[in-house]
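The following exercises concern a single protein chain. Please study the sequence and the model before reading each solution.

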Amino acid sequence: MTPKELMISRYEAFVKKDWEYLAQTSVSQTVEELQQTPELEWLRLDVLHVTADTVEFKAYYKENDTLHVLHEKSFFVQEDGQWKYKDGTLYNSKIERNISCPCGSGKKYKKCCG
């Protein structure tokens with residue numbers, strides 16, 4: 001599995017609240033720590049840039065009926081031949097007005113939820 005494939009599978013695990021998988025594919029995150037994640041409705045993942053050991057992405061989510069974006073550059077390392085999430089750098093981002101709305105309406109964000 002490549003870092004990009006791992007990033008996508010970890011996003012899907014967040015959607016499903018599969019804390020065990022997330023802990024197994026992380027260098028330091030624990031199930032207990034992950035279970036403290038706020039209740040979010042994940043809407044969409046956009047992978048922006050990939051290198052040999054990093055994946056930059058934007059993940060869109062809804063919290064308390066408000067849309068947000070998580071923009072991160074994630075760092076991955078290999079342990080025993082398996083890629084694992086190490087940590088990430090968060091960017092201060094906002095949802096761009098002219099993208100397709102993360103809510104799935106098919107409208108531009110500025111004409112929908114923005």
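**Exercise 1.** Which residues does Val55 touch, not counting residues up to four places away in sequence?

*Solution.* The model is predicted: local features need pLDDT of at least 70, side-chain atom pairs count only at pLDDT 80 or more, and totals for chains, interfaces and linings use all residues. Residues are numbered from 1 along each chain as its sequence is written, and side-chain values use heavy atoms, with hydrogens and water left out.

Step 1. Contact means heavy atoms within 4.5 Å.

Step 2. By this criterion, Val55 touches Pro3, Lys4, Met7, Val47, His49, Val50, Glu72, Lys73, Ser74 and Phe76, not counting residues up to four places away in sequence.

**Exercise 2.** Identify the residues of the largest nonpolar core and the element that gives the most to this core.

*Solution.* Step 1. A nonpolar core is a set of buried Ala, Val, Leu, Ile, Met, Phe, Trp, Tyr and Cys residues joined through side-chain atoms within 4.5 Å. Buried means under 20% relative accessible area, exposed over 50%, and partly exposed in between (1.4 Å probe, protein chains only).

Step 2. The largest such core has 12 residues: Leu6, Met7, Tyr11, Leu40, Trp42, Leu45, Val55, Phe57, Ala59, Tyr61, Phe76 and Tyr85.

Step 3. At least two core residues come from each of α1 (3-16), β1 (41-50) and β2 (54-63); helices (H or I, at least four residues) and strands (E, at least two) are DSSP runs, numbered from the N terminus. With four residues, β2 gives the most to this core.

Step 4. A second, separate core of seven residues includes Tyr60, Leu67, Ile99 and Tyr109.

**Exercise 3.** Classify the aromatic pairs Phe14 with Trp42 and Phe76 with Tyr85.

*Solution.* Step 1. Rings of Phe, Tyr and Trp (its six-membered ring) pair if their centres lie within 6.5 Å; planes under 30 degrees apart count as stacked, over 60 as edge-to-face and the rest as tilted. The whole structure holds five aromatic pairs.

Step 2. For Phe14 and Trp42, the centres are 6.1 Å apart and the planes lie at 55 degrees, so the pair is tilted. Phe14 belongs to helix α1 and Trp42 to strand β1, 28 residues apart. Phe14 is partly exposed at 21% relative accessible area, whereas Trp42 is buried at 17%.

Step 3. Phe76 and Tyr85 form an edge-to-face pair, at 5.9 Å centre to centre with 75 degrees between the planes. Phe76 is buried at 3%, and Tyr85 is buried at 11%.
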